[in-house]
Every structure is written in structure tokens, then in C-alpha cells.
Amino acid sequence: MGKFLKSNRISIVLATGLVVASCSVEKNTNLSRFYHNLTSNYNIYYNANEAYLNGVKRIEDAYEDDYTMLIPVFEYSDENAARAGTGDMDRAILKASKLISLHSMTAKPEMDDNKPLSEKEQEFFDRKDYNNWVDDSYLLMGKAQLLKNEPDEARITLLHNIRETHDEKMRAVSTIWLARTYNEMGNYPEANRLLTEMNPQVLDKTDRADYYLTLGDMYIRQNQYERAFEPLTAALDNLSGQKDKNRPAFILARLYEESGNSEQATKYYSEVIKLNPTYEMEFNARISQAGVFNVESGDVDDIRKQLRKLLRDAKNREYRDQIYFALGNLSMREGKEDEAIEYYKQSAASSSTNNNQKGRSYLMLADYYFDKPDYRQSQMYYDSAVTFLDQNYPGYAEYYNRSLNLNELISYLDIINTQDSLQYIASLSPSEIDNIISGIIRKIEEEERQASASVDDRYNMGRFYENQRRFRDNIEASGQWYFYNQSALTFGRTEFRNRWGDRKLEDNWRRRNKSTTGAVNNRTEVTGEQKGENNNTAADTKSKEYYLKNLPMTDSLIEVSDKMIADALYNSARLYQEKFNDIEKANQSYTDYMSRFPVHYRVPQALYNMYRLNEDSDLSLANSYKSKLIDRFPESEYSKILSDPDYLESRIKEENRAEQVYNEAYREWLNGNTRAVIHICDSAEVEFPESELLPKFMLLKSFALAPSVSEKTLKEELLRITTGFPGSEEAGRASKMIAYLNTKVPELKKEEEIQIAKQLYDTLDTPPYRFIIILKDTGLDMNRLAFDVINYNIDNYTNENYNTRGELVDNKYITITVGIFQDIANAMEYYYNFNPPEILRNIGESEILSFIISSSNFESFSADKDADKYYLFFRENYLK
């Protein structure tokens, strides 16, 4: 018996060895093919496919549809969702690769050389691989790579499979997935070529459904919605099972809605509801169905009743924003605009987590007001819409640009309104101005009182009495003084924080503006500042100075205000014309601009724009503007364009010629021929005085001059660029070079400042005058400094009513202003008598400037705020 068992064992081992040896991939026999196909199918491929299916489920579970936008055909198109399946897809790829490396059979089977092969035998002999599961593995690997968001790798794998497989069905399915890959890569022409060359009728229903879904996805990605109707409908016809159908059915309904086909949209939304989808999809189908409801033929009241029923359902609390939005759409289609507006506002207010829905609600309001048009309201809602909408939302770029254009327009309209109002108030009598300002201040104080009362009202009465009773009980129980009673202290601290918040321990903690103090002596006032804090009354909305500082009370300030209005009027008209195509408002703004500012430098361009604006709609009106332009500004560029049909062509030729000359100068510069560069650029300034390339010629000339001229000469050349072409790229580069020269040669900077000061300030002694002290150390005690000056004036100028005022200017320096002096002699006498180091206490090493300034120059100084610049002017003109 033992010998028999031993013999059997040996036989089994030998048989097993023979089977394994015969099943090597190097030998292509019936037995080896059977072994490798069996092992591949029920071992490696099964595990690979299971990993793939697990990954697909993870992606589907991770993906959340945003029903405010068109949902994608395939969930894996979302990168974030695709990451959820990465681990499983890696396992699927690994196992598929293992199957290919271990079980691929490329060796040819042995055939009888003397016997001719039949067609079927020849086809079998010509196969690239004899394991039927290798091409399945390549397909699975390509699908996993695509779902892993590796389209380049997927493309290579699928192309290889299409080329190598012997199975026509496998080739067709691989082609469908290759087309999907090209869709993900945005290569739609190649995807279209693959799909149109296929015959979907040779596929089974499942693969045919995949084909049509892929074709529909390709059209949707290109916004060719109407072309997607047919393939998506065909996909629904070939899909089996409600779960597979509800997604393409919902997409088809939304596409019909986007295309304005309410009847078909309603039909497919109804289909979705019948397919028993997820609650969220069903809810959105019902909401969307209400959105496409035909208000002329259907029962509007019934739809509204259904929506309000959804609104009352507690499980729809997080969807209230969408319900209000649907009610708004319904009301808007009924023509009930005011009701629709309120629903959209409720929708935006109800949305807490769904930013896209909030953005859509704001967008509906923005579009409504834009179409009216009410640009101010529209601007606010577009600004909110682009804040909340996802940047992938359809049309986002257009809405964003419109928001930017509206922001610019409203900024110009605000300038016009503000400056007109300031000019009107400035034209009133002092008593009328005081009354207006006092009214504004009273309103602010009343609002503050109401705000304070509302804070107090936050404490309900029950809590108040409970706290009071607890407080008294604690005191009575301990019999201790408040600051020895820990319970009372804790209660007090809690109540203090509830009422006042966390406050720093400091003097005047309860005051809003702790840094402003005042003193009056012989009509002498001081507005001071605690150390390190800004107490400028001009920043206090309850001070008269806050409102007076912006009033254009002088001719020069009115001139500045007028320039702001003129520029804003012109620019608003240009926006109406170029960005919003609003002919009526553009005409109105251009007309206002030219009637108010007939000699403004942009009037020729405005007349030209009005000609272009009206030449298609009202040629007679357009020609009247053309005549005005030519008559009033015959030498302007715009007159020449309209009066001479060949002028524009000649200007283009001239510009082309200037470009050729510039290129020639630049080549000489590269070759180091600086003399030639200077000569060409000098000639170009004479030959092309109107060319856009003129600042480039000037900058290139500066480069060529640099090695051979003084710093002063070079700087003068650069200043020609910055002053002649401000804001240009060349002016920016010239400014950097000037800054370098100023650092290298400080005298140049000083000389430049003197020249600028001469342009900014005049030498006419316009009384009255002021004496000003500048202290560069902003940490000094301005109160003390001001009182030091007051005491000096009391001791030395008892009979004078000099006003002394302290101010922190832009947190850069402190000014102490004394005045006013009616004649220059008295002012200069005061200047020579005043010795800051002796009179001002505790100023340390602070840099100090002092000077006299006239009334007209004081206005310029208040605007420029550069003390060093004016001091140079003062020294040059008053201290010679």
C-alpha cells in the first residue's frame, strides 16, 4: 500500500510538471491557451475589474451634482470626484498590467506547413495575441487611466489596443473610450472623427448607449446643445434600467430648457420624476419643471400651490433658495415683475451654503435692472453675482467683465454727483452751509444713539432681572465691598464685556474719539493728538471740518472739481457707447459734457464719437456733429479723418514708415553706433511728431546719450519723456532712470524739486499769510507743541489774535500753523523771531522746517502736502 501511494505521488508531481511545462507562454498549444485564458479570467482579470468597479462607485458617491448648472454626462469629468477612485484605479491598472506581463501569448501556434490554411485558420494564425483577456485588460487599463484623470496615458493604451486587438467589438468599444478621452482633452475634432467613422448599429444595446452618450457629451462640451438632442434621445432608447436613464433624461430636459423648448423640457422633467431618481434630482426636476411651465396654457395657480407646498416641507429647508427662485421665475413669466424681484431677493437671502444659487438669484436681479436700464442697481447685483458664482458657471467671464464695466461707470457717476453737490453747497452762504452740516451731524448722532439703544435691547428683561438679582444676592451673602468680592467682580467683568466688548485699559476708554482735545485762548484754538494717535478733526464725521475740507471754496479748487466732472462725464459717455451700446444715454452724457465744458481738451473726440454713434440711426444728427467738429477744430486728428477720406490711410503709411525708421535706429543701437542712433532719433522727432513711436525714439536716444553726456543733461532728456508722455511704458522706464540719477547725484533731485516748486507755487504775495512749523517726528506730543506756541504768542504778541492749529498730515509729519498775518513784513518778522528749539519743548532730534506761506500758495500746499518741496521754494524766494 505504501509503495502504491508513493508511486501515485510521483505520478501526480510528474503530471503537474508536464502540465505546467506545456502551459508556458512560449508554447502555443490548446492546453496552454486554455490554461492562460482560464487563469486570466477567473483570477487576475476578475480582481482587476472588481477594483475598477469599486473605483467607479467611489467616484459616483464622491460627486455632488450642482443643479444650478448643466450637470455633466459622466461624473468622472470632475477632478475632485475622480480623486476618490484613484486607489482602486491604481489597483485595477496594476492587476491588468500583471495579466498582460504574465499571460500574454504572442508565440505562433504550430501549423502543418504542407496543408493550406483556411480563411478562419489564417485569421487565427495572424492574431497578435492568443490570450482572449489581454485586449480586455488593455481596455480596462485605459478606462482606469481615464477615470484617474490621466488622459495622455489612457490615449496611448487605447490606441495600442485598437491597433493590436483581433476582436472587432473590442476595437469598437476601445474607440468609444478613446473618443471619451479626446473629449476630456478638449480634442473634439479627433473625437468627432472617431465617432462619425463608426457604425453604432453593429454594437449591442449597452455599447450603443455608451456610443450615443459619448457623442452627446462631445456636443454639450462645445455648447452645441441642439445637436446633442438626437444622440441623448438615442442613448435613452438603448439604456435599460431606471438608474441608468435618469441622468441623461435630466440632462436632455435641461438642454431643451436652455434652448427655449418648454414643451420638450416639461416632457423630460416628467420622465425623470417617473424614473425614481434620488430625492435631490427629483426635487430639482420638479423645480425646473415649474421653471419651464407654460403660464399661458397651464394652471399657474396649481404650480404655485405645489411650490409653496414644497416650501412648507421641513425636509426642503436647505432647498428654499431654489424654491423661491422658481417662484420668481414663474412670477416673471406672468409679468409680475415686482413680485418676482421680491422672490429673487428671498432666494438670495435664504441661501447659506449653495453659493451658485445665491449667485444665480443675484444674476437674475442684475440682468433685470440692466435691461431696464438701471445701471446703479445692476452694478450692485452683478458685483454680488460674480462674487458667489463659480468661475466655471456658463457665461461667467461675460458677467465678470460687465461687472467691471459697471463698477467703472458708477465710479464716474459718483464723481459727477459728489462734485456737483459739493459745488452747490460751496455756493451757499456760510449760514446755509452751517445749517446743512449741522443737520448731517445731528443725523449721525441720532443714528449712533439708536445703534447704542439697539445694543442695549439685546439684553432681554428676564436675563436682566436674573443678573441683577444674582448680583445683589452675591453682595448680600458676602457682606464685602465690591472690589473684595470675587463673585461681584466676575459678574461686573462679564456685564462690561457684554455691553462694551474687550476694551483696552486707558483714559477716556468710553469716548469714540479719544485723541481730540481743544483749548481756546484769545480766539486761539488747538486741535491736538495723543502720542501716536491721529486726532485730525478732518477725519471726525461729527466735526464741521470733516465736511468743509472737501468743499471747493476757491477758484482753484472749483477748477479742480470741474476737471473731475468733465473727465467723468466724458468717460461715462464713452462707456455707454462702447461697453453698453446705450445710444440714448451716450448721446445725453456727451451733450451734457460739451454744454458744460465746451473748451475741454476732449471735445473734438466727443464730437467724433457722437458722429460715429449716430451715423447709422440718424445721419442728419451725425452730420451736424461732423460739421461742428470740422468748423471748431479743423486741425484736430478727428477732423482730418472725417474731412479727408485718404487721411487715415496716409497716417497708417506714415506710422509704418516710422516703425521702419525705429527698427533701423534699434539695429544701430545693438551695433553700438550711438551717434547714428542720436541722429536718426533727432530726425524722427521732426519727421514723425504725431507718431505713437515718438516716446520710443526719445527713450532710445537717452540710452545712446548716457555714456557721453552729464547726469544733468541725461536727466533733462528723460524728463522730456515723463512730462510729454505720462503713463506710457517709456515714461515708466525713464522715471526709474531718473530715480537712479537722483540717488547717485542728490543735487539733481534738489534742482528738480526747485523747478517743480516754481511751477506749483507763485511768487505773487497774496495776503493773508501763515507761519507753519513742520516736525517730521510724528510721535511727538502735538498738544504740548501747540500749547508751547500759544504760550509764546501770549507772552510776545498779546495784542494779536493769532490762531494756532495742530494737525497730523497723512501720518507723515506734524504741522503747527499760526496766523493769520495781513502783510508779509509782519509775517517775516514773526518767522525771524520764532526759534523752534528754544520755544518747543521735548522735541529731541526731530527734523524741523518753518516757513511763511501766502494764501494762494497755502491752497496748493494743502493739496500737494510735500513740505520739503515748498521749503525749497520758500528759501529760493523769501530768504535770498
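Predicted model: local features only at pLDDT ≥ 70, side-chain atom pairs only at ≥ 80, totals over all residues.
**Entry 1: V603**

Skipping neighbours within four places in sequence, V603 is in contact (heavy atoms within 4.5 Å) with Y593, M594, F597, P598, R632 and F633. I then checked F633: V603 and F633 sit 30 residues apart in sequence, and their C-alpha atoms are 9.2 Å apart in space. V603 belongs to helix 27, residues 603-614. (Helices are DSSP runs of H or I with at least four residues, strands are E runs of at least two, and both are numbered from the N terminus.)

Is V603 buried or exposed? It counts as buried because its relative accessibility is 0%; buried means under 20% relative accessible area, exposed over 50%, and partly exposed in between, with a 1.4 Å probe and protein chains only.

**Entry 2: ground rules**

I noted that residues are numbered from 1 along each chain as its sequence is written. Local features need pLDDT of at least 70 and side-chain atom pairs count only at pLDDT 80 or more, while totals for chains, interfaces and linings use all residues; side-chain values use heavy atoms, leaving out hydrogens and water.

**Entry 3: helices 7 and 8**

Next I picked helix 7 (residues 151-164) and helix 8 (residues 168-185), which pack at about 155° with axes 9 Å apart. (Axes are lines fitted to C-alpha atoms, for helices over the stretch in contact, and angles run from 0 to 180 degrees between N-to-C directions.) So helix 7 is roughly antiparallel to helix 8; that label needs an angle over 145 degrees, while roughly parallel needs one under 35. Among the residues making the contact are L158 and I162 of helix 7, and W177 and L178 of helix 8. By class, I have 10 nonpolar, 4 polar and 4 charged residues down for this contact. (Ala, Val, Leu, Ile, Met, Phe, Trp, Tyr, Cys and Pro count as nonpolar, Asp, Glu, Lys and Arg as charged, the others, Gly among them, as polar.)

**Entry 4: helices 30 and 32**

How do helix 30 and helix 32 pack? I got an angle of about 15° and axes 11 Å apart for helix 30 (residues 647-670) and helix 32 (residues 694-705). That makes helix 30 roughly parallel to helix 32. The contact includes Y662 and W669 of helix 30, with F697 and F703 of helix 32. My class tally for it is 10 nonpolar, no polar and 1 charged residues.

**Entry 5: whole chain**

Last, I zoomed out: the chain has 40 helices and 6 strands. Of its 880 residues, 42% are buried.

Notes:
Parallel < 35°, antiparallel > 145°, perpendicular 65-115°, else oblique.
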